[in-house]
Amino acid sequence: MTTKYLHLLEFDKIIAMAAENCACPEAAEMLRNLNASTTTEEMREALRRTDAVTSLLIKHGNPRIQGVQNVMNIIRRAEKGGMLSMSELLIVAATLRNFKHLNDWYGEGQETEIPNAEALDRVFYGITENNQLSKTIFECILSENEMADTASDTLYDLRRKIRAAESAIRDKLDSIIRSPSTQKYLQDAIVSQRSGRFVVPVKAEFRSEISGVIHDVSSSGATLFVEPSAVVETNAKIMQLRSQEKEEIEAILSKFSNAVAALQPQFGYSYAAMLELDALIAKGRLAVSQNAAMPQVSDEMRFSLKKARHPLIDKKKVVPVDISIGRDYDALIITGPNTGGKTVSLKTAGLLLAMAACGFLIPASEGSEVCLFRDILVDIGDEQSIEQSLSTFSGHIKNIVGILAQAAPDTLVLLDELGAGTDPAEGASLAVSIIETIRETGAKIMATTHYGELKVFALETPRVQNASCEFDVESLRPTYRLLVGVPGRSNAFLIGEKLGLPTEVIQKASGHLSAGDKRFETVLGQLEDLKAEIREDKEEIERLKYVAENQLDSAKAERDKLIQQGQNELDAMRRKAKQMEQSVQDAAYALLDEMKELQKQENLSASQKAQRARAIARKEAMGITEDIGGSGEEKQSYVPLTSAKPGQVVVVAEMGCNGTVKSAPDKNGMVEVLCGAIKTRVPLSGLYEAVQQQAPKKKKQTIVPRSSGSSSGRPTRSAAMEINLIGMTSEEAVMEADRFIDGAVMSGISPIYLIHGRGAGILRKAIRDHLKRHKSVKSFRSGMYGEGEDGVTVVELK
């Protein structure tokens, strides 16, 4: 695009605003030399990259990159064998750190959904990090002139020796300047340095009293700076160490320089990618500040800008306009009163199209459409322009001559105040002729004018459309709205009347109008009224559409929520069913194993085997029913107690049994409770009162006898009398058995059955060793036939 025309559109100001956002001066220079896209696909790709960067900025903020410049000159010098300075190495390290920060920033974007993120892949894939070299340089070089002691072991040792020698010299010189015998010879009791050596200020007249080397004389000659003989050797040693220190620093810098030289060519690619990203980020920051959006790109020569705003006018003051050309018409003639916004509309269209061609997002609503013009040819410049520049008729004609020479189907022509500055009749005729000539080239046209002839031309010519900038006659102020399809009225009579022009003057002026002019003004008034009504209806339709869309979105969200809730509940039921299935399957396998064991016992008759099988099946069925919550027994709920009195029956949560309160709570809230034969003290918060949720059904209470005999010679065995310890560790099994025995003692149950299985016998041995020492155990034995034999220990309690 021609620079002169872009300057008239003030595109250079957009570039300057973007360049201020660049971290690196070279990236800012790239923006200042930015060229427009040459193909539609290149334009789309540039807009996608800017849109992706803008989305990253909005979601993850600015990347932490440091401004660097002239890095490639440093790299090239290192490649040629030059030794880099500390400041140059710090610039290289800062650049390498920028590479890392950019990649980290892009990585954050990949974790979230970023539109058009794939458009940035090519740029970011060109960045190669070297975090180790960057980290090492920053650790070793503290500033542009200071190397860290830890840069090498040799440097650390040299500096340690230097500090020790300097400390010894200072101690020696301190003793000299504080000695009463020498103080009278000194100008001041201080130690200073001259040429890197420690000296003391000696009065000139006492030079012979302090032996040593003179390194400097004061300007007055009254003071000599003498290095005492006692520290000459140590000073010389320090100078030698300083020389070695310098050599070691140069060796370190040389090593770093070689490492930097080895970075090429990857460093060059990475640096170019970093500058490109810096420029893209600058575009993105500008887009965020302008609340800009990415337009669609058309392959045809047409554009449609919706709610477009001029980016150089305060977005709080600018009035958005809708501008389109190329679909229903190829030329737009904008008319209306001065200061009504005609020129701003013209510049808005041209500037936004130029921005899009250069990869900038535009301050317009999403859904806007742009196209790639080879050039935007502009003739703007009068008292109404943004820059307040003044142009003569001859100047206009000179510009239009150049425009006519370049106009083509892939160009957009913007003409401001076409035909102004000369005789109205001739100017109007010339304006019509110029527009017709440009249209013959196939170029798209936007032109502003005050001539009524051009309004008629637009009404009568196919694919030429009128537009006007709205003017509020009541307030005598322009609204800056662009009304497409309606030619503008001059409103001269109405404005004059509002400003106090005498009525007779208005009437006389009206009488001078021809009948045709009067009818034309009347028609324009009717068109404006009709357009206003249509606009109000359209706004109401848009409002209702917005409300309906919001309600639909809410209904969809509620539907999705209910579907998700139902899905979650279904998944939970499926998991529960799976667990129940697994439980039943495990029980079935256990039952099958016991049946197989039963079949192997040859000393039992068929009837005994059948009886035993029924008992096993009944027990397993009861266990399965309990596992899936089908026991059918009434459940109790417990109400926590806030007070307790002697004789009250309570439930002791810790022991899981009923008890009787023996004494009221003491000052610590402890209550004495009798549970069976055990008297204990528990906190009041651990006591509950049992309350049936439903009236309990009357049923005969089953009493578990403590006797060891029954009609069959052994006690009736129930589920409450046994515990399964199979699969536990020895420690876990002993703990569970101990807890079960305590419960059985409190509930008066005996005997009890500890099921530990046969296996290697480790669990059985651990349990029985514990039973030997248990104070509540009277005796124990292995299970008999039908009781589990060696896999069960039967315990008789006291």
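Visitor: Which residues does V413 touch, not counting residues up to four places away in sequence?

Guide: In this predicted model, V413 touches L377, I403, I438, A443, K444, I445 and M446. V413 itself is found in strand 13, residues 411-415.

Visitor: Why is V413 called buried?

Guide: The cut-off for buried is under 20% relative accessible area. V413 has a relative accessible area of 0%, so V413 is buried.

Visitor: How far apart are V413 and A443 in sequence and in space?

Guide: They are 30 residues apart in sequence, and their C-alpha atoms are 6.8 Å apart in space. A443 is also among the residues that V413 touches.

Visitor: What makes V464 count as buried?

Guide: V464 has 6% relative accessibility, and buried means under 20%. V464 therefore counts as buried. Its place is in strand 15, residues 464-472.

Visitor: Which residues does V464 touch, and how far is V464 from D328?

Guide: Leaving aside residues up to four places away in sequence, V464 touches Y329, A331, I333, R439, F457 and A458. V464 and D328 are 136 residues apart in sequence, with 8.7 Å between their C-alpha atoms.

Visitor: What share of contacts in the protein chain join residues at least 24 apart?

Guide: Among contacts between residues at least 6 apart in sequence, the share is 67%. The chain has 798 residues, of which 40% are buried. It contains 22 helices and 26 strands.

Visitor: Which strands pair with strand 26, and in what sense?

Guide: Strands of a sheet pair through backbone hydrogen bonds, either parallel or antiparallel. Strand 24, residues 752-755, pairs with strand 26 in the antiparallel sense over 4 bridges. In strand 26, V792 stands opposite I755. Strand 25, residues 777-782, is joined to strand 26 by 5 bridges, and these two also run antiparallel. Here F780 stands opposite V795 of strand 26. For two strands to count as paired, at least two bridges are needed. With 4 bridges to strand 24 and 5 to strand 25, strand 26 pairs with both.

Visitor: Why are helix 9 and helix 11 called roughly antiparallel?

Guide: The axes of helix 9 (residues 153-178) and helix 11 (residues 229-261) cross at roughly 160 degrees and come within 9 Å. Angles over 145 degrees count as roughly antiparallel, and therefore helix 9 and helix 11 are given that name. Their crossing is left-handed.

Visitor: Which residues make the contact of helix 9 with helix 11?

Guide: From helix 9 they include L155, L158 and I162, and from helix 11 they include V231, I238 and L241. By class, this contact has 12 nonpolar, 4 polar and 7 charged residues.

Visitor: Why does helix 8 also count as roughly antiparallel to helix 11?

Guide: The axes of helix 8 (residues 131-140) and helix 11 cross at roughly 155 degrees and come within 12 Å. The cut-off is over 145 degrees, and so helix 8 and helix 11 are roughly antiparallel to each other. This crossing is left-handed. L133, T136, I137 and C140 of helix 8 meet F256, A259 and V260 of helix 11. The contact of helix 8 with helix 11 has 6 nonpolar residues, 1 polar and no charged.

Visitor: What makes strand 3 and strand 5 edge strands?

Guide: The open sheet has 4 strands in the order 3-4-6-5, with antiparallel pairing. Strand 3 (192-194) and strand 5 (212-217) each pair on one side only. From one strand to the next the twist averages 50 degrees.

Visitor: How many bridges join strand 5 to strand 6?

Guide: There are 5 bridges between strand 5 and strand 6 (residues 223-228), and the two run antiparallel. One of the bridge partners in strand 6 is L224, facing V217.

How values were computed
Residues are numbered from 1 along each chain as its sequence is written. This is a predicted model: local features need pLDDT of at least 70, side-chain atom pairs count only at pLDDT 80 or more; totals for chains, interfaces and linings use all residues. Side-chain values use heavy atoms; hydrogens and water are left out. Axes are lines fitted to C-alpha atoms, for helices over the stretch in contact, and angles run from 0 to 180 degrees between N-to-C directions. Angles under 35 degrees count as roughly parallel, over 145 as roughly antiparallel, 65 to 115 as roughly perpendicular and the rest as oblique. A crossing is left-handed if the near helix is turned anticlockwise from the far one by less than a right angle, and right-handed if clockwise. Contact means heavy atoms within 4.5 Å. Ala, Val, Leu, Ile, Met, Phe, Trp, Tyr, Cys and Pro count as nonpolar, Asp, Glu, Lys and Arg as charged, and the others, Gly among them, as polar. Buried means under 20% relative accessible area, exposed over 50%, partly exposed in between (1.4 Å probe, protein chains only).
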